[in-house]
Amino acid sequence: MAAKGPRIYPREQDPQVRAHNFEEVCYGFTPEEAVLEAQRCLHCKKPKCVEACPVSVQIPDFIAEVARGDFEKAAEVIARDSALPAICGRVCPQETQCEGACIMGVKFEPVSIGKLERFTADWMRENGKQVKTQMQPANGHKVAVIGSGPSGLACAGELAAMGYQVKIFEALHKAGGVLEYGIPEFRLPKEKVVAYEIDNVRKMGVEIETNVIVGRTVTIDSLMDQDGYEAVFIGSGAGLPNFMGIEGESLNGVVSANEFLTRANLMRAYDPQADTPIYVGHKVIVVGGGNVAMDAARTALRLGAEVHIVYRRTEKELPARVEEVHHAKQEGILFDFLTNPVRVLGDDKGRVRAIECIRMELGEPDESGRRRPVEVPGSEFTLEADVVIMALGTSPNPLLKATTPGLEANRKGCLTADAQGQTSREGVFAGGDAVTGAATVILAMGAGRTAAKAIDRYIREKSTRK
């Protein structure tokens, strides 16, 4: 019988303490807390949480094992559908996916599915246990994967389990993609979690070669025609930052959130001894309202700046996760809603000194369904700033399309692919942010797994025709 008591919240670092360090904010459940929270699950006959999960993790089944205290069995259930549970449990937007569909949440608070997934994965790692993957014998076929982010890792792991020889080509010097360069340490620990999950993929036989820019160092055509790869999966993400196109964006001190977070996360620029320093000054303005904006703002705060987030709609329309907004507020980040930059102001040395903004009001809904922000005439004002971070979304890098004849993309630069990941080029598949634009880790992972199955079908059918 499910316990309908209040949802259990794991301990977190004190906001006044964590605002000055990069240690993980949430400590996670203890085993006792995990069992109690798992006992709240109703075990619905038609679980809507599973329907709402992009990779269809059998959520009631794994939670039932947690409730019994069999954490190893719970991990086995999760592993059937999710390759990166310690990561997904930390960064996926559960409130709009599995937990948002939880029936328990109709009258009470939803079951803490994400934190239970995280607990299960962490327990396995901390106790030196690993789910044994069923590996098929080597089949003699080679597949190349471009990008070592969530879609690439999921695709590579799935193919390796099927018996394929898989090699991942990563442009940066460390594997992990957005998991490594995009999400801060205080949300996703790199060595403890990301490196561990990547090592599990390597243990399946997947080779990862870093510092390879496909489109420069090698091309998709050379991989297939000269190196013997029978199929290629493109999981290169969306790392090309967007800007507003306003006056003053070229001033020193205006940076994209992508560059700012890459310097902090991948290059550890918050360390005074780091080779790649990072400058925040005293006042930072972050433009945008998504998770990346929250990550950039909370990173700048930890580097010692006073931080304002400028967003053109109201708090209700913020696309960032509720938890991230809550944590940002707790830590002392200031929000300027219904505010939009119109130009960046500089000093006589070409550095940012302020940002000129205008007040907004909400009009009729736009194509996204949200009310369109409209300028309030004559409401201009300025905010002092040493650094302005633009967190306005990203697009896929155009390099692969430009260097691969016949590879089609839409007007936003996203590669065109069908539901199975097949692109306009035979044998070339794609998934994740390279296809959808910037989205979530779990959606990218699901796309990688789907494409792996399609690649397997493609190679087997092609072999049959020979």
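Visitor: What should I know about the numbering and the model before we start?

Guide: Residues are numbered from 1 along each chain as its sequence is written, and side-chain values use heavy atoms, with hydrogens and water left out. In this predicted model, local features need pLDDT of at least 70 and side-chain atom pairs count only at pLDDT 80 or more, while totals for chains, interfaces and linings use all residues.

Visitor: Why is Arg-371 called partly exposed?

Guide: Buried means under 20% relative accessible area and exposed over 50%, with partly exposed in between (1.4 Å probe, protein chains only). Arg-371 has a relative accessible area of 41%, so it is partly exposed.

Visitor: Where does Arg-371 sit?

Guide: In strand β12, residues 371-375. Helices (H or I, at least four residues) and strands (E, at least two) are DSSP runs, numbered from the N terminus.

Visitor: Which residues is Arg-371 in contact with, leaving aside its neighbours within four places in sequence?

Guide: With contact meaning heavy atoms within 4.5 Å, they are Arg-313, Leu-362, Gly-363, Glu-364 and Pro-365.

Visitor: How do you know that β4 and β16 pair?

Guide: Two strands pair if DSSP finds at least two bridges between them. Strand β4 (residues 231-234) and β16 have three bridges, in the parallel sense, so they pair. Phe-233 has Phe-429 in β16 as its bridge partner.

Visitor: What is the order of strands in the open sheet?

Guide: Five strands run β3-β2-β1-β4-β16, with parallel pairing. The edge strands, β3 (207-209) and β16 (428-430), each pair on one side only.

Visitor: What makes a set of residues a nonpolar core?

Guide: It is a set of buried Ala, Val, Leu, Ile, Met, Phe, Trp, Tyr and Cys residues joined through side-chain atoms within 4.5 Å. The largest one here has 68 residues, and those touching the most other members include Phe-62 and Ile-455. Helix α18 gives this core its largest share, nine residues.
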